[in-house]
Amino acid sequence: MERLDGVRVLLGVSGGIAAYKAGIVARLLVGAGASVDTVLTRGAERFVGTATFEGLTGRPVRTEVWEDIATQTHVGLGRSADVALIYPATAHVMAKLAGGLADDLLTTTLLAATCPLVLAPAMHTEMWQHAATRHNAEVLRQRGAHLVGPDDGVLMGGDSGPGRVVDPQVAVDAVVAALEDRAATPDGQVSGSFAGRTAGVDRDLEGTRVLVTAGGTREPIDPVRFLGNRSSGKMGFALAEVAASRGADVVLVAAPSTLPTPAGVQRVDVTTALEMYHAVFAHIDAMDVVVKAAAVADFRPSSTATSKLKKDAGAPSIELVPNPDILAELGARRDGGADRPILVGFAAETDDVEAAGLAKLKRKGADLLVVNDVSANDAGFEVDTNRAILLDRDGGRVEVPLSSKAEVAGVVLDAVVARLRA
Ligand code: C5P
């Protein structure tokens, strides 16, 4: 049985250059067993043709509200969809959806739809970072929409930055995750609060001060080289964004990242593990919660060359010295029995993931530990989705299926809220 057997997907394609990839999305959806109704906006029609989608889906493709009035196309399409995916979602279509406008077939259909909505934004970096788009994204998220991406990468015209549409497979995985999110029951593997949650609706972190660390630290070898790791910062940025949308005062201590600062978040940029250590301890006394999503280098070169090392001088031998373990130090500081700040750690593991996570939870003195299997290629480093096991120091365990990083953040913050209230 395929992952989307019998599922009716409404595929909305809006007018960005990334519309050309929507054909691959349609093919993947059909390949996964879905029945796909495609709606193209007028802008999309200038980039791609209806024939492509009719050929790929084997179903008529609609573009106009004024067709088929007698059978109420938009209401019918909206009502019959099990899930809607807008790929790509332009800044304009997001603005229209946030404002509830209905001036074409896609927006009219979506107003009539009650199914989960997945949006794959695609636009230039400036448009994505514009306060209006940030606001619209937040409004849509608060209303329960699942935003997947955008990625950081090459954009139209050779520019590069956040705004690139996610890969077709990632969008299809987000559709599956959105359906699982809705289908999950409290007695299933997924926690009750995760099932059917609409990320960001609650303001349950109002007045809570949350420090999040994100990204991978860089330990300089010389002025141009460093020891680093594959962390993109996406998980930590998602945590900061979701915490802020739930009312928290958030300080985001970010290792180098091109990701945009989430709305309402105070960002402190750092490069090395030592800088992160000092930034965390400068803020710690004011914090109720610390979430350590950063991948911190365990070791750094004992010295940094002041000039670029020359190849002619032969292979350098680099002596490494340990960095402080920030999370373990935070855990040790509470040894006297203090229950604040609540400490959340992350563990990226490749073998015997859960056992390694349990050992780490104890060793670091954390309250919660999010364990990722980073050997999977749809979870962990660099991608927009994650799958995790959330372990609690009191023996609690929540398995989070493949979900967007914002949804994983929602589950982690639910567990934090539960501890704050306990
Ligand atoms: O030991 P490991 O690096 O796997 O532990 C991961 C957790 O510990 C993460 O939450 C990470 O942010 C934190 N950590 C830290 N300082 C270090 C190394 C890891 O705070 N030097």
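How far does a backbone N or O atom of Lys 292 lie from an oxygen atom of the ligand? The views below belong to a predicted model, in which local features need pLDDT of at least 70, side-chain atom pairs count only at pLDDT 80 or more, and totals for chains, interfaces and linings use all residues. Residues are numbered from 1 along each chain as its sequence is written, and side-chain values use heavy atoms, with hydrogens and water left out.

View 1. A polar contact is a pair of N or O atoms within 3.5 Å. The backbone atom of Lys 292 is 2.6 Å from a ligand oxygen atom. A polar backbone atom of Phe 346 lies 2.9 Å from an oxygen atom of the ligand, and one of Pro 324 lies 2.9 Å from a ligand nitrogen atom. The protein buries 89% of the 450 Å² that the ligand exposes when taken alone (Shrake-Rupley method, 1.4 Å probe).

**View 2. The shell around the ligand.** Among the surrounding residues are Asp 298, Ile 326, Gly 345 and Lys 360. By class, the shell has six nonpolar, one polar and five charged residues; Asp, Glu, Lys and Arg count as charged, Ala, Val, Leu, Ile, Met, Phe, Trp, Tyr, Cys and Pro as nonpolar, and the others, Gly among them, as polar. Helix H12 (326-333), strand E16 (342-349) and helix H13 (353-364) each supply at least two shell residues. Helices (H or I, at least four residues) and strands (E, at least two) are DSSP runs, numbered from the N terminus.

View 3. Rings of Phe, Tyr and Trp (its six-membered ring) pair if their centres lie within 6.5 Å; planes under 30 degrees apart count as stacked, over 60 as edge-to-face and the rest as tilted. By this rule there is one aromatic pair. The ring centres of Tyr 277 and Phe 281 are 4.8 Å apart and their planes stand at 40°, so the pair is tilted. Because these two residues are four apart in helix H11 (residues 273-283), about one helical turn separates Tyr 277 from Phe 281.

View 4. Gly 149 and Pro 150 are joined by a cis peptide bond with omega about 5°, and Pro 150 is placed in the loop between strand E5 (146-147) and strand E6 (151-154). The bond from Arg 340 to Pro 341 is also cis, with omega near -5°; Pro 341 is in the loop between H12 and E16. Asp 352, in the loop between E16 and H13, has a positive phi of about 45° although it is not a glycine.

Conventions
Near = heavy atom within 4 Å. Polar contact = N/O pair within 3.5 Å; in protein donor to acceptor, adjacent residues only side chain to side chain.
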